[in-house]
Amino acid sequence: MLTLGFVTGVEPDRWLRKYTEFTDHGGLDAHSMRDPVAALHDGRCDVALVRLPDSRVDERFHVVELYTEAPGVAVPKDSVFAEFGTKLSAAIPAAELSDEIVNYRIPTSGFVDVDEVADALQIVAANVGIAIAPRPLLKALSRKQVVPLGLNDPTVALTRIAVVFAKQRDADDIQDFIGIVRGRTAQSSRQAAPKKSAAEKAAAKQARRAAAGKKPQPRRGSRARTQGHTRRKKR
């Protein structure tokens with residue numbers, strides 16, 4: 001069984017289902033973690049979905065980048081920004097927030113400390129200031145008194161989600177997981193589930209017909225052979 005850690009803000013449910021369905025590696029033991037990189041270092045997980053950049057992801061690891069996260073801003077539920085943001089599909093311009101107290105902002109390094117974001121959101125929930133972080137993370141952590149919105153601010157460092165695993169741990173189970181998160185299907189994946197033989201496929205088809213109340217179909221060519229045998233018998 002493959003052990004997976006995924007950082008807060010990532011929703012891997014569809015990948016987990018496909019991995020279990022398409023492969024025969026024993027499934028996934030998956031856990032949401034605020035710091036899956038630490039879990040990779042100490043061996044608590046085989047592979048992780050992590051938020052980059054992170055200086056701890058060095059040459060010892062393989063990195064497969066998946067997508068860039070949109071930046072977001074968390075505002076108090078009763079603020080004018082919450083009403084503005086929910087009415088408009090567009091993100092809030094940075095200039096509109098220039099006078100606000102910023103409890104958290106993604107640093108220029110791009111590294112996001114999930115615990116610090118969670119602490120900042122407690123202050124926002126008390127109707128004080130805002131917090132700027134990856135929008136998926138804000139959605140995952142926000143409380144009832146906090147509204148996560150899109151943010152239009154080109155100066156905010158962008159974060160990326162990637163599959164990361166130790167080079168020494170590279171194996172078929174991890175490669176099959178990578179294939180699934182990158183969009184492979186059961187037909188295109190190099191998944192390890194055993195293929196059915198022609199006889200097994202025929203038996204399964206007959207079973208489906210029987211379950212539907214249909215008569216089993218004769219095997220291809222059997223009718224011709226039977227008729228030919230009958231004609232020979234009449235002679």
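**Close-up views of a predicted model**

View 1. Of the 7 residues in strand S9 (residues 146-152), 6 are buried, so the strand is largely enclosed by the rest of the structure. Buried here means under 20% relative accessible area, exposed means over 50%, and partly exposed is in between (1.4 Å probe, protein chains only). Strands (E, at least two residues) and helices (H or I, at least four) are DSSP runs, numbered from the N terminus. S5 (residues 71-76) runs antiparallel to S9, joined by 5 bridges, and proline 76 sits opposite valine 146. S6 (residues 92-93) runs parallel to S9, with 2 bridges; there, proline 93 faces asparagine 152.

A quick note on the model: it is predicted, so local features need pLDDT of at least 70 and side-chain atom pairs count only at pLDDT 80 or more, while totals for chains, interfaces and linings use all residues. Residues are numbered from 1 along each chain as its sequence is written, and side-chain values use heavy atoms, leaving out hydrogens and water.

**View 2. An open sheet of 5 strands.** The order is S2-S1-S3-S10-S4, with mixed pairing; two strands pair if DSSP finds at least two bridges between them. S2 (28-33) and S4 (61-68) stand at the edges with a single partner strand each, so one side of each has no neighbour in the sheet. Further in, S3 (residues 47-52) and S10 (residues 160-166) run antiparallel and share 6 bridges, with alanine 48 opposite valine 164.

View 3. Aspartate 115 and arginine 34 form a salt bridge, their closest N and O atoms 2.9 Å apart. The term means a side-chain nitrogen of Lys or Arg within 4 Å of a carboxyl oxygen of Asp or Glu. Aspartate 115 belongs to helix H4 and arginine 34 to the loop between S2 and helix H2 (36-41), 81 residues apart. Aspartate 115 is partly exposed at 42% relative accessible area, and arginine 34 is partly exposed at 43%.

**View 4. Arginine 169 and two aspartates.** Arginine 169 meets aspartate 46 in a salt bridge (3.4 Å, N to O). Aspartate 46 lies in the loop between H2 and S3, and arginine 169 in the loop between S10 and helix H6 (172-181), so the pair ties together parts 123 residues apart in sequence. Arginine 169 also forms a salt bridge with aspartate 173 (2.8 Å, N to O). Arginine 169 is partly exposed, at 23%, whereas aspartate 173 counts as buried, at 12%.
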